Amino acid sequence: VSVILLRVTALLYAASAGFYLWNLVRGARPGARAATAGAWLLLVAFLIHAVAIGWGCKEFGGTEFLTLNGGLVMLAWLSAGAYLVLDRIHHIPSVGAFVTPLILAVLVPTLRGPGAGMETVPAIIRSRWLSVHVSSAFLGIALFAIAFGVALMYLLMEREVKGKRFGALFSRLPSLDQLDRLNQSLVRWGFLIFSVALVTGAFFAREAWGQFWEWDPKQTFSLMTWALYGALVQLRHSAGWHGRRVAVLTMVGFALVLGSFVGFGVMPTGRHGGDWQ
Amino acid sequence: VSGGGPDLFLVGLSHRTAPIAVRERVALSGEHLRAALRGLRAQPGVQEVMVISTCNRVEIYLVADSAREAHRFFSERAPQAAQHLYQEQGSGAARHLFQVAASLDSMVLGEPQILGQVKEAYDAASAVSTVGGQISRLCHRAFATAKRVRNETAIAVGAGNVSQVAVELVRKIFGGLEGRTILLIGAGKMGELSAKALAGLGARRVLVTNRSLERAQALAARVGGEAQPFSGLHQLLEDADVALVSTAADGFVITPALAEQAMLARKRRTLCFIDLAVPRNVDPECGGLENVFAYDIDDLQKLVQATRQARVGEAVRAEAIIEAELMAFGRERQTRAALPILATLRRHAEEMAKAEAERTLAQIGSQLDERGRRSVEAMAHAIVNKLLHAPTARLKDAASAEDSALPSAAAELFGLEPEEDEGRDPAEVLSLAERKKR
């Protein structure tokens, strides 16, 4: 049942993305009907998505998001939620045209149904630390995902503005300054929440494996990601870093996240993958 | 609309058809405008009149038997005007007004002033009571349509000239300019205009520098800025966010080395150069530096062209909105045209029913009690209602389907003349008819 609900959700995300893109084509005015329709569809999709996740947990008899499949479902859901909050605060519908397709892309690989069920996850890893660890990690990644979309917008827009192209995006995207500030707050919040994930992860590791840190590949990658985003936050603050280089590094950071998340999910090499022992 | 009665006419001339020499001869304002409105309205056959007079157009909108009076108005003021006039009737005239109000007929497509000017023209005509229901409804529809066009298309977005384009560019980089600093280098006219335009974005400071401090001071006074010595250019580039450069120098005033030095000093905060000078004052290489944006006059011209082209595309969409509104307006008019027949028909029938009931009651009323008398009256009304139920529905349908044949057939069949019901709102008449039915 949860898979069917997820398919419905994916259709709604696609429709929402369609409206956002249509709004962008039409001139990306805030308050335009297409943008409003996109936002409402996204909200409905988000709610049905939540039901699908709850249902999925019931079917599996536990937290489904420990598998790669479930993780992607969770990530898409949190990204949608984070974007809805962002939209409430900033009202820049053109961002939606970049974020909603991203959400859809995250969700699509899961639509064929779950792979390995909860049977493969041993009891040792069910702990309070774990739920905080996993949910904060996903939320952090969701924010990085949106930051990725915003950074992409920045680079596209800079190409038009600086390269004197004055094409379609020039008149439709928000100003470079606005995109840069959006990136700033997304990276800052993402970093904060990701830090929580790292710390709780360490506590969980001690509970499950006996020590805080043991340099398994996923831990190492996560630490690199965390350090990169931390450097972005710090360098913006102290050295005035902004604009293009921050946008590029934001995208690099997300590539790292995606690499460790999907890469280790598909080819388990450490204790974060299928090898739980 | 079925012929015979008065119709809407437009007669006018504009920048498209007439040179300025003719337009200024016929243009009107203030007391002359009011006098002209009263004069036109006083002519036989003229029911309503409104005159739009701006520097780009003079147009007379009439509800009249013919457009004769408007033509006479023009030829009396300027004999040579006749060959520049255009004329429209009915929906053609309505379409033209919608286009004018939406700024599709303006010299600069999408310019915002024209809607205000049309509103002023309407207000002037209302003030001397030369407009009635028809032109009022037309104007309100035109205002609403213009707003729709402005909201739903990007026709008013973008810019028409170089200093507006400079503002647009700066907005795409910085958003607003709140808390930021503009630097004006050199005393060129374009620089001054652009600095004034940019100051409108809320800049905190406007710095002005020139090789001659005296001229810098004079310029600073004009643009509302502070004069600074030219020798401190390094420092100024460190403070400024937007630098407008228009000096009379033959070579580059801003070199990549100078720009890079400034960028280091300002921790690579974004800096935008707008070079308005010919020959150029800013080395185009500067634009290659990180967080430096550099534009010359050609780039700005290119953007002017780009926005004009974009507006032409938007104009096509605006026309579609206008056609949709025009159709809706036409349907309303049709409904309105059918309603007088309906109202007349109902009243005719009601009077007949009342008269017949009274006649019956006069003969046998004495034999009936109060309840019996009321039953007779009720029966007469019920027959009228039953009989008119289907024709009423059909007439309303015909009206909204823009079929004017049925209303005139009904008038013919029942031997009725449509009443003049211009002052009344169609919804009001409808609900009146509805209430009578019950």
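Reader: How many salt bridges does the structure hold over all chains?
Author: Happy to start there, and please keep in mind that this is a predicted model. Side chains of opposite charge can pair when their charged atoms come close. Counting such pairs over all chains, the total comes to 32 salt bridges.

Reader: How many salt bridges does the rule find across the interface of chain A and chain B?
Author: Let's look at one example before the count. The side chains of A:R245 and B:E290 meet there, with N and O 2.7 Å apart. Across the interface of the two chains, the rule finds four salt bridges.

Reader: Which residue of chain A forms a salt bridge with B:E152?
Author: Begin on the chain B side, where B:E152 sits in helix α6. The pair crosses between chains and reaches helix α2 of chain A, residues 33–60. The closest N and O atoms are 3.7 Å apart, which is a salt bridge because the cut-off is 4 Å. The partner is A:R33.

Reader: How much area do chain A and chain B bury between them?
Author: Good one! The contact takes 24 residues from chain A and 32 residues from chain B. Of the buried area, 47% is on carbon and sulfur atoms. Altogether, chain A and chain B bury about 2,100 Å².

Reader: How many residue pairs are in polar contact across that interface, and which helix gives the most to the side of chain A that touches chain B?
Author: For the polar contacts, the rule finds 16 residue pairs, both residues being at pLDDT 80 or more. On the chain A side, α5, α6, α7, α8 and α9 each supply at least two residues. The one that gives the most, with five residues, is α5(A).

Reader: How many residues on that side of chain A are charged?
Author: Let's sort the residues of chain A that touch chain B by kind. Eight are nonpolar and six are polar. The charged ones number 10.

Reader: Which strands are the edges of the four-stranded sheet in chain B?
Author: This open sheet has the order β2-β3-β1-β4, with antiparallel pairing. An edge strand here pairs on one side only. The edges are β2 (46–53) and β4 (86–89) of chain B.

Reader: Which residue in β3(B) stands opposite B:F9?
Author: Follow strand β1 of chain B, residues 7–14, which pairs with β3, residues 57–64. The two run in the antiparallel sense over eight bridges. Opposite B:F9 stands B:L62.

Reader: Which helix packs on this sheet?
Author: Look for a helix of chain B touching β1, β2 and β3. Its direction makes about 35° with that of β2(B). The helix is α6, residues 133–152.

Reader: What is the average twist from one strand to the next in the six-stranded sheet?
Author: This sheet of chain B is open, with the order β7-β6-β5-β8-β9-β10 and parallel pairing. Its edge strands are β7 (226–229) and β10 (292–295). From one strand to the next, the twist averages 20°.

Reader: Which residue is the bridge partner of B:I182 in β8(B)?
Author: Strand β5 of chain B, residues 181–185, runs parallel to β8, residues 242–245. Four bridges join these strands. For B:I182, the partner in β8(B) is B:V242.

Reader: Where is B:N291, and what is its phi near?
Author: B:N291 is found in the loop between β9 (271–275) and β10 of chain B. Its phi is positive, in a residue other than glycine. The value is near 60°.

Terms used. Residues numbered from 1 in each chain as written. Chains lettered and ligands numbered in written order. Predicted model: local features only at pLDDT ≥ 70, side-chain atom pairs only at ≥ 80, totals over all residues. Heavy atoms only, no water. Contact = heavy atoms within 4.5 Å. Buried area = accessible area lost by both parts, 1.4 Å probe. Polar contact = N/O pair within 3.5 Å; in protein donor to acceptor, adjacent residues only side chain to side chain. Nonpolar A, V, L, I, M, F, W, Y, C, P; charged D, E, K, R; others polar. Pairing = 2+ DSSP bridges. Axes fitted to C-alpha atoms, helices over the stretch in contact; angles between N-to-C directions.
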